[in-house]
Amino acid sequence: MFNDFKLVEDRPVYIQLKDYLKEMIIKGHLLEHQKLPSTRELSKLLAVSRNTVLNAYADLEQDGIIYAVKGKGNFVGKVVTVKNTSVELHWRERLNKVTLLADELDLMKQEDIHWEKGMISFNSVAPEEKLFDVENFKRAFLTRMSLEGDIVLNYGYAKGYKPLIEYLLHYMERKGVDISNKDILITNGFTEGLDILLSSFAKKSGCVICENPTHHAALKLFRLHGFDIHGIDMRDDGIDIHQVEKSLAAKNFDFAYLIPSYHNPTGIVTSSEKRAEIINLFSKYQIPIVEDGFNEELRYSGSHLAPLITFIGAGNNVIYISSFSKILFPGLRVGWILADRELIHCLESVKRARTIHTSTLDQAVLYQYLQDGYFEKYLKKAKSVYKKKYELARQACKQYIPFKRMTGDGGLHLFIELEQGINARTLLEKCYQRGVVFYPGDVFYSNGEGSNTFRLGFSRLKEEDIVHGIKIIGDTLKNEMGS
């Protein structure tokens, strides 16, 4: 007995011993009123300190699992384990349609081809972990904890951590946004922000107009909330404005969803002229725009283009949603909605009813990191690294892949359109056999199109793997698919 006790690193030994003894008692390996080894005996038997055993016994006694008899030692207490007759429920029959649809649309589950260790994966558009500014993040954490640790570890406010809200308001003001009648709601990343919005909109037409293709997570949420999706083709300078005008004249929409910068998946940046046209057109038809501020900072050449929300001045028909997840730390689930003050006032109540508030600790540490100027330094370094990878990936695609069209004006990915008749999923299956995977483009389309497209995310790959992986894709197209 006790010969199967094994220690693991990074966990207090006395807790491991306590859990081990508790499990033996619950499973019936140690019986009620059975005498336990003395602290000295057990410490020698397990090669741990006597204090470790003393602390483990003390915790077990406090939990009522063992009891001590003065002068005699420690004994197993009365532990009742109830085992009823097992019941087998058919849970899928008890789930609602929205849950079953979420399961059906879950790309992580539905994909047949998964990344395996050693493969070159172009699937991700997340930041490279090696770039993470861990040391300065630690400093920000320690600073904020020393200043108000008792506050940030307690419940917070549904609207968000006030210093972070004020920082983000000024951050957006520096981009040219008129914040005089606007406010911010902090969310658990972009996805929760969009979900809160969709659950708050009144369904009058039940239709959303968006770019086609567009962000697959947004498409999934639109479908889960029961919206019909009307997709508009993308030109090299953004959404096809003539198609938009025809659609608005012919049909009613509850809102528009647009990604003007480093569009996911095409990587296209909507031109400044077209941004002004978009605002004028949707303002004319009184249709609100949900603007996704995806990767807005990752412009590698030319001047920064103002978000759509800057074009409305003191108006309130644009709702801006963003986060730092794709640029900074994806594990820090902090996003925000910038919108009309009255709208934010109502959305705050929805947020409170659903998740109470976003982690105050996460918000506070992020605020300190931003306030101390670490983000600007990190961004400068990250843009230098990503720009090199971006240019390398573009050049490799031009050299090796016989594409019909390639888009991507910056950011962390490129979008490839092949000649009609070439199926990107068939290409993926063949490339998978050679250790390369990428994201098939059809998942980004609202109307089932895009079978000849795919997205290449290069942010997390080594430079040599970017070139090698793209060469494999190109060779496979030429040699096995007759392109």
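**Two helices side by side**

A: Helix 14 and helix 16 run roughly parallel to each other, because their axes cross at roughly 20 degrees and angles under 35 degrees count as roughly parallel. Bear in mind that this is a predicted model. Helix 14 covers residues 374-400 and helix 16 covers residues 463-480, and their axes come within 9 Å. The crossing of helix 14 past helix 16 is right-handed.

Helix 14 brings K388, K389, L392, A393, A396, C397, Q399 and Y400 to the contact. Facing them from helix 16 are E463, I466, V467, I470, K471, G474 and K478. Sorted by class, this contact holds eight nonpolar, two polar and five charged residues.

Eight strands make up an open sheet with mixed pairing, in the order 4-11-10-9-8-5-6-7. Strand 4 (182-187) and strand 7 (238-239) are at the edges with a single partner strand each, so one side of each has no neighbour in the sheet. Helix 10 (residues 241-250) packs on this sheet and touches strand 5 (207-212), strand 6 (228-235) and strand 7. The direction of helix 10 makes about 155 degrees with that of strand 6.

Elsewhere in the sheet, strand 9 (residues 289-292) pairs with strand 10 (residues 318-323) in the parallel sense, over four bridges. To find one of these pairings on your screen, look for V290, whose bridge partner in strand 10 is I319.

How values were computed
Residues numbered from 1 in each chain as written. Predicted model: local features only at pLDDT ≥ 70, side-chain atom pairs only at ≥ 80, totals over all residues. Heavy atoms only, no water. Pairing = 2+ DSSP bridges. Contact = heavy atoms within 4.5 Å. Axes fitted to C-alpha atoms, helices over the stretch in contact; angles between N-to-C directions. Parallel < 35°, antiparallel > 145°, perpendicular 65-115°, else oblique. Left-handed = near helix turned anticlockwise from the far one by under 90°. Nonpolar A, V, L, I, M, F, W, Y, C, P; charged D, E, K, R; others polar.
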